[in-house]
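Keep the structure open while reading.

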Amino acid sequence: MVEEKSIFKGISAYPGVVYGQVYKWRPPRKKKESRTALTPEEIKIELDLFKHSLDRTESELAEIVQKHSQDPNGRELVEIIESQIVFLNDPLFRARVFERITQSAESANLALETTVSSLYDEFQAIPDEFFRERADHILDIGKRLEGNLEPNQKTEPNNHLPDNIILIAKEITPSEMITIDKSKIKGIATDFGGKTGHMAIIARNFGIPTIVGLKNITSHTEDEDYVLLDATKGLLNRFPSLEDIKLFGLQSEIKSSSVPFQEDTKDLRTKDGVPFSIKVNIDSQEEVQAAFEKGAAGIGLVRTEILFIQYKELKPTEEEQFLAYKQILLKMEGRPVTFRVWDIGADKMENGYEEANPFLGSRGIRYLLRHPHFFKEQIRALLRASEFGTIQVMLPMITTLSEILQTKVLWEECVEELKESGIEINKKIPMGIMVETPACALNLPFLGKHVDFYSVGTNDLLQYLLAVERNNHVVNDLYNPWQVVFLLLLKTIAEVAKSQKKPISICGEIGSDPLFTPVLLGLGYRDLSCALPLMQKVKKRVAETTVWKAKLLAEQVLELAGEEKFAEIDSLVNQTQG
């Protein structure tokens with residue numbers, strides 16, 4: 001008899017050891033199946049579904065208009081929704097969908113998707129900017145109509161999680177991760193994903209011990225099984241012994257600490273007195289107060305697309321964004337806050353259309369410059385919020401100078417628009433860029449003349465440099481930050497920034513890894529932005545490290561990396577102190 005496997009090895013995304021009951025993630029309700037060659041009876045059913053969706057959607061939009069019509073700050077939202085109602089009742093739009101259902105014998109959802117996609121492309125091709133800017137509204141209407149095609153929408157299966165669970169899943173999307181009740185989750189284990197995927201990043205920011213890339217853990221566990229999740233070693237034990245449980249205890253080694261936090265009011269310095277700054281990355285407003293109370297020097301990265309990921313039907317309005325940004329700045333009481341503008345696309349927040357390879361497609365600044373109306377709403381919100389604190393703005397996925405220059409044109413347009421409405425923006429707001437593509441990193445000597453600071457997004461920079469998709473479990477052994485080309489590029493970036501006298505920081509996930517901290521210090525970095533739960537460990541590593549020894553360590557690591565002696569690097573970094 002073959003002994004059933006009990007120990008599963010994956011990748012640690014956030015350390016900690018927990019013991020508890022399994023809850024298997026239920027796949028969310030799938031989209032209605034697209035079908036063709038319908039029978040006459042089926043065509044009638046699909047026509048009725050579409051008519052029902054039209055009625056329900058119009059009622060929803062009318063309700064939004066009524067809700068905000070008396071709000072002086074809701075004028076813009078009302079205008080947008082009213083224009084969508086007009087489009088919804090456009091006979092041409094309705095006729096196209098009806099024709100595809102009746103003449104082409106397509107299901108309602110396929111007819112709708114095809115019509116919306118076609119109209120979107122037509123609007124984008126119109127020379128008049130007024131119409132191009134309204135192409136996004138077509139996508140919004142399409143999504144709302146598609147959601148209303150189901151006559152009786154069922155409750156999503158994961159809305160009410162049990163308490164104190166270890167969540168087991170094939171994969172969890174960032175939007176699912178941000179909306180589920182994380183207070184009920186003790187640990188997470190997934191078949192797929194990488195440690196720098198956005199699901200893992202969100203779990204890490206909430207201090208949830210997480211293992212990814214377990215390959216087949218979902219097929220070997222059932223609800224209410226008791227498992228031991230050792231996310232420090234990346235191991236999940238299906239049949240832990242009593243000794244195992246006693247050894248590790250019943251709670252996470254990180255969350256179980258009962259010692260109250262003592263804020264360190266002194267400026268952070270290395271062991272030999274060199275100033276160092278530790279900021280934090282945030283995905284939600286709830287994290288801001290904790291960042292302030294725990295002594296973060298500031299917020300080095302606000303992921304605005306994650307901040308608003310709960311807006312599934314409509315993108316947040318300028319007013320809603322302004323209020324959110326204002327609250328973050330007020331809570332930080334003058335400490336610097338860096339807002340990254342929408343990084344839509346890739347593995348987070350849909351951009352409205354399917355792409356063969358979204359990581360190489362319309363994401364970040366590429367998407368924003370193709371949708372200037374949407375981008376300008378965020379710019380205006382950030383400009384208006386700027387008077388309530390110390391703000392910086394950062395552009396993602398930069399590859400060319402023209403992307404920076406086009407953004408600056410839109411920025412000045414927004415300043416003028418606000419001025420015309422009676423709002424003067426007098427303070428200079430630093431504008432920086434994410435260095436996360438090789439093209440950007442190698443182009444810094446030219447880009448530097450046009451920006452105020454740099455922040456290195458190591459997660460994407462590593463995947464683009466090595467041509468290894470960071471969420472692909474098949475090749476995750478190749479996604480290795482100790483690769484010499486990556487370390488040399490980090491060193492070059494720091495040297496260029498120093499020669500230009502430009503502030504530079506790291507906001508990628510290696511900034512949250514205490515083992516990497518002295519190496520980054522040795523490569524020339526003096527500013528990191530990390531996950532809040534790991535901030536104290538990173539601070540401690542900085543405080544116990546001298547710059548001269550960090551430089552020596554970095555040289556040794558580079559030499560070993562050139563020979564791909566990765567195990568020796570891990571051993572060296574673990575042993576190095578002071």
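This is a predicted model: local features need pLDDT of at least 70, side-chain atom pairs count only at pLDDT 80 or more; totals for chains, interfaces and linings use all residues.

How many of the eight residues of strand 3 (residues 17-24) are buried? The count is seven, so strand 3 is mostly covered, because buried means under 20% relative accessible area.

**Strand 3 and its partners**

- Strand 3 pairs with strand 7 (residues 226-230), and the two run antiparallel.
- Five bridges join strand 3 to strand 7.
- In this pairing, Val18 stands opposite Leu229 of strand 7.
- Strand 3 also pairs with strand 4 (residues 165-169), here in the parallel sense.
- Four bridges link strand 3 and strand 4.
- Val22 stands opposite Ile166, which belongs to strand 4.

**Positive phi angles in loops**

- Most residues other than glycine have a negative phi.
- Met397 is not a glycine, yet its phi is positive, near 60 degrees.
- Met397 sits in the loop between strand 12 (391-395) and helix 15 (401-420).
- Ala467 is not a glycine either, and its phi is positive at about 55 degrees.
- Ala467 lies in the loop that runs between helix 18 (458-466) and helix 19 (484-500).

- Is Met397 buried or exposed? Met397 counts as buried because its relative accessibility is 2%, and the cut-off for buried is under 20%.
- Ala467 has a relative accessible area of 70%, so Ala467 is exposed; the cut-off for exposed is over 50%.

Definitions and conventions. Residues are numbered from 1 along each chain as its sequence is written. Side-chain values use heavy atoms; hydrogens and water are left out. Buried means under 20% relative accessible area, exposed over 50%, partly exposed in between (1.4 Å probe, protein chains only). Two strands pair if DSSP finds at least two bridges between them.
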